[in-house]
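Q: Please take a close look at one part of this model, the contact between its two chains. I would like a connected account of what each side brings to that contact and what surrounds it.

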Amino acid sequence: MMKILAAGVVPLLLVLHWKPGAGSPLPINPVNATCNTHHPCPSNLMSQIRSQLAQLNGTANALFILYYTAQGEPFPNNLDKLCGPNVTDFPPFHANGTEKVRLVELYRIVAYLGTALGNITRDQKTLNPTAHSLHSKLNATADTLRGLLSNVLCRLCSKYHVAHVDVAYGPDTSGKDVFQKKKLGCQLLGKYKQVMAVLAQAF
Amino acid sequence: MLGSDPRGLTEAVFPGWRFTPWWLQAGPLRAGWVLLGKEGAVPEINSCFLYKEEGRPGDGGGRTLLLPCVVLGAAAVLPAPRPPPEGAPRLCTSRTVSQSGPLFLRKPGPMAVISISGTTLLLALLSLRTLQSLVLDERLLLTPELINISINSEHQSLHLQWTVPNLPHQESRMAFQIQISRFERSKVIWEENYRSTVKQGQVLHWSWESELPLECGPHFVRMKSEVVDAKFPKPSFWSSWSPWEKVVAQDSPGPNELLVFPKDKLVEEGSSVTLCYVSGSNLKNISCYLDSEQIPGERLDASVFAFSLSNIPFIRKTGTNFFCGNSTHKEDGTVLFVSKVLEEPKDFSCETRDFKTLKCTWEPGPDTGLAWSKQPSQSYTLLESFSRRKEHCQHRSWCHWQISQGSQETYNFTLLAENRLRRRSVNLLFNLTRRVHPMDPQSIKFENVSARSAIMTWKEYSIVNHCTLLCQVELRAEGEVTQHNVSVKVNGEYVLSGLEPGTQYATQVRCASASHFWKWSDWVPQKIITFEAAPSEAPDVWRNVTSEPGRQNVALFWKPLSKHQANGKILFYNVVIENLDSASRLQLLSIPAPATQQELMLDPRCSYRIHVTANNSVGTSPASIVAVAGDPGNGTENVKEERITGTDGGFPLSWKPKSGDVAGYVVDWCAHPRDTSCDFQWKHVGPNTTSTVISSDSFEPGVRYSFRIYGLSTKRIAYLLAKKTGYCQELAPSYNPQVTIKNLTSHSFTLSWEDYSTESQPSFILGYHVYLKSKAMQCHPGFGERTHSDDSVCCKYKIDNPEKKMFVAENLQPESLYEFLVTPYTSVGEGPNGTFINITTQDEHPNILIRIILPMILCVLLIMILCYWKSQWMKEECYPDIPDPYKSSILSMKKSKENPHPTIMNVKDCIPDAIEVINKAEGTKTQFPGTRKSVTETELTSQPVYLCLIATENNYSSPGPCICFENLTYNQEVSASDSCGHGPVTPEEPPSQLGLLASSGSFLKALEKNYTNSLEENPSGNSLRYVSQLASPLSGDKESLPTNPPMLVLCSEYKMQTAVPSCLASPPLSEDSSLSSVTLLGESEHYS
């Protein structure tokens, strides 16, 4: 259980409470709290969000390929069965919603992906200790997701005064067997690739 | 076991005991097998029973029937339960049961068959029944009680814990029989006997490892026990079975769920493993793959398939994926972590360098570590049996072992390698003194270094008093290697002698144990340079003298001293020039090394002696002396150069000995004569030698080398004796001369190649071949002749003198093409087959054309000027605008046939067949009301109109003579037919020509038709074009007017013409012609 917290949930909490340049935590009970950022959000927030989405979308396929290749057969030849984007509890996204709705949904998705990516990175470091390229790409993606999450929160806070968004975490893989970890990771990255294409278009 | 032969199994339980068949005749127990007592030994068990289990094994309903023992053989048959007499063989029970089915009669061997009467057997059975009722209670009491069954999924094992309640004794030796079923109770897959000493209340343990993962299906376990303790001799029997205990490692999957087992199993490469999947009831057609290869399975149950993989390969450290799924995207998988087989360490060896530590090394083999922490790399442990110490090694291939400060000299090491699957070990027994690898020598120094010797010293690491060392000293200089052995305790010393002065030597030393050689230490190198000494030899000196007016140039050369002669590094050379004619004058030149030559300018009137010495830091070499005479040219002109032939070994030279006292001879030459530097070389030869061979690696084929041989007088004055030149190997010339052509005439030309150098050729030029080729040439005497395929003749002329570089080709044809080629020839062939050069001899009379053509041109110009000047006159005379009929040659020709006297034809005699009237007054813009087109347009788009003019009113009905004109051209056709036009004119046609002209279109059409027919009748198309004309009275010649001109419309000008055949097919008219071809028939009509 401690491992789960250390590997999956704790990084997520850190991500959720990280703000650009400040590191100040969100209010513990932020439902009714006022939205307060110690530093003013940059004026080009949406532009930065679009840029980050485009960057993530541009690298998603390479990350996906690198991942399933590193898992060995039969993953590369059974992508539809083993790596299909069948993630049941993935947060929804409505591209035709208002900007506020879309930003809130984006926040949930990024939070979900950040947790899941943390689990994948942890698993792959154990399972594929020599796959440095994969580790590097996973870390870079997680970094970008963290920045994106911060920017989205800043936007929500500064423009829409939304200080709290309920989020769902990605699946915890720590109790799964190795094959399930590989498969869940592959499915998650397949979903990540799919949803990033939608998000990059929507913003 | 009754009913089948249990001997094999029972003998495994009771080694040495024998089974024999038992034959019964009555009752349900009719026959069976009886275990006899061990021969020669007293059986431990007094109570012997023959028993059978009734009912189906495994269903819990079976029970054991016991029969009393009987004695077989010669002894009397004893009714049970009485014990048999001493020494008689006994019958005992078998411990194997589980065989069901009716007893069958198996006939025993003749020696074992015992006939028992039915009465006796009946009595025995009756007595047994009492005993049976007594023991059944005890059976129930000894039934084991399973208190816990645990599952270890990783090892696929079941762990059983049970007790034996109501154990009658404090401690008993007991046997347990354990059964394990899978999927169903009746499917017993494992049966095992387990013996243990059991105390009251003790919990017993037993484990079983399954080949199939436990998750693949439910398992059932039961057991029974028996007291087998010899301390309790009363009859023993099996207890009842404990109730079946069901073990479930994995709940049944949902209807759409698929599960694959085992999860993340660790196996060894090449081993076997069994996997399974458990599928829900809705899932069909499931395929499974190992990595990418589909694996066939075996159905174990309705929803369970097993996959047995044998000799499983190692693919990657991160595991091999096993994956099952179907088309409905229901899939599961597992990862097999396949480890490489742990190998036994190779080349295990231990040694010490300091008697403090041992270093043990080995080849570890492949790393068996796996990812996911499934298995770390194999570990290595050193165990020493004498000291019972253990050392966990931190490295994969070596380990340090601290030597205890005791007296242990012998070691027995065990190197243990282990991972989670396997252990490997190797042993090594050795004496420490035989495993000494000395430390490298230290502090190597050289003492008392001189030019020829030095003392080398070093120190060895102190290794107590264990051994003397054998050391090797190696000396290396300029490729030469010498080795010396030295025996050393602690301080090593060796005297290096016979060294060369001023030389750097590379030395190195290593040592090993002298008493028990094990290994050399590493070489430890050190360099030494001996001191220098004065050069021992004078440098080899020679000179090359060239004279110029008023001075003498002396190039002084010397060779560097060899290392053996120099005894150090040569720093400079001293050149002392001594003027023999002026004793007071000495000139000293100091030339720094590594120069090997010096240019001197000397007075040609004086003689000189030149001293050359080499100097290093220590001293000066002996001097080398060269004398230069005042007049070096004396006698040199008379020496002729001789040709010599070189060989592979060099140039053999010989000469006549010089008269008088000779100090020796010198041969000099240029090693690279084609280079400007020449690379001057020389060789000294003794005074009694008159031949030598000059050899050098620098000699090349195709290069001419010149040698000069000098004799040296006792005063060191050199006299040229001979000059030799030659090639070590002659080669054919590589190029032909560049030929220039001179004196080209109509009958000769001269070829010249004066620039061709015979000296620089790769062989001696013997002459030249001149090839001359032409189609119109005969070879003159002196030429060789050869005819080519193109019928040309090639003449070959040979020039024997290599210095004759000119050739005159004579007696040639003027204005003829010649081809020539000049190529040198040598003893090894002629030059390359080059391209022939073309040359054309000149015309024999080159100015004749000018002499003729120029006057002709002038004449023509004169005539043209005259013609231009008299052009009007010429026009009137030759081509007037209106030809004069009287001058017509046609008439003359016509008449000449009929009348020899030319006459003028009257117009009235002519019946025109067409008339063209041109109204100049109206011009070309005359409009025709009907068409509203201009004349010009009409003419451009329509055919000209032709009218046939009927001769006269009187003779219209009959064809009359008709002559038509165009200029002076005669219509032969008309004349020949002697009729007008192109057909007879019908009487219905208008009588007058005017009427004819104004006639209807039908008439014109008829005319045109006739005309066309006439054209068609003359398909050849070679009819002459003829036009008859009526000249206008205004513009024409009055004299030429007809006397009775026809009455025409008010025209100012008329033109009468015959049909022009070409006009019908002809086309567009020019503007002029349109004017002249307008047919004026009225102002409102236009026919076409």
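A: Buried area here is the accessible area, with a 1.4 Å probe, that two parts lose on being put together, summed over both. The model is a predicted one. In it, chain B and chain A bury about 1800 Å² between them, and carbon and sulfur atoms give 59% of that area. Asn321(B), Phe323(B) and Trp372(B) supply 36% of the area that chain B buries against chain A, more than any other three residues. Counted by residues, the contact takes 21 from chain A and 20 from chain B.

The polar side of the contact comes next. Seven residue pairs are in polar contact between chain B and chain A, both residues being at pLDDT 80 or more. On the side of chain B that touches chain A, two elements give two or more residues: strand S20 (320-325) and strand S21 (331-339) of chain B. S21(B) provides the largest share of that side, six residues. By residue class, the side of chain B that touches chain A divides into eight polar, six charged and six nonpolar residues.

There are two salt bridges between chain B and chain A. In one between Lys183(A) and Glu331(B), the closest N and O atoms are 3.2 Å apart.

Asn128(A) gives a view from the other chain. Its place is in the loop between helix H4 (99-127) and helix H5 (132-160) of chain A. Asn128(A) touches Thr318(B) and, within its own chain, Ala70(A), Gln71(A) and His135(A), leaving aside residues up to four places away in sequence. A polar atom of the Asn128(A) side chain lies 3.5 Å from the backbone oxygen of Ala70(A). With a relative accessible area of 5%, Asn128(A) is buried, the cut-off for that term being under 20%.

The side chains of Lys159(A) and Glu99(A) meet at 3.6 Å, N to O. Lys159(A) lies in helix H5 and Glu99(A) in helix H4 of chain A, so the pair ties together parts that are 60 residues apart in sequence. Lys159(A) counts as partly exposed, at 43% relative accessibility. Glu99(A), Lys159(A) and Arg155(A) are linked in a network of salt bridges.

As for chain A as a whole, it has six helices and zero strands. Buried residues make up 50% of its 203 residues. Among contacts in chain A between residues at least 6 apart in sequence, 77% join residues at least 24 apart. The accessible surface of chain A comes to about 9100 Å², and 56% of it belongs to carbon and sulfur atoms.

Arg316(B) forms a salt bridge with Asp291(B) (3.4 Å, N to O). This pair links distant parts of the chain, 25 residues apart: Arg316(B) is in the loop between strand S19 (304-309) and S20 of chain B, and Asp291(B) is in the loop between strand S16 (287-290) and strand S17 (293-295). Asp291(B) is buried, with a relative accessible area of 11%.

How values were computed: Residues numbered from 1 in each chain as written. Chains lettered and ligands numbered in written order. Predicted model: local features only at pLDDT ≥ 70, side-chain atom pairs only at ≥ 80, totals over all residues. Heavy atoms only, no water. Contact = heavy atoms within 4.5 Å. Salt bridge = Lys/Arg side-chain N within 4 Å of Asp/Glu carboxyl O. Polar contact = N/O pair within 3.5 Å; in protein donor to acceptor, adjacent residues only side chain to side chain. Helix = DSSP H or I, 4+ residues; strand = E, 2+ residues; numbered from the N terminus. Nonpolar A, V, L, I, M, F, W, Y, C, P; charged D, E, K, R; others polar. Buried < 20%, exposed > 50% of the residue type's maximum accessible area, 1.4 Å probe, protein only. Areas by Shrake-Rupley, 256 points an atom, 1.4 Å probe, with all protein chains shown as cover.
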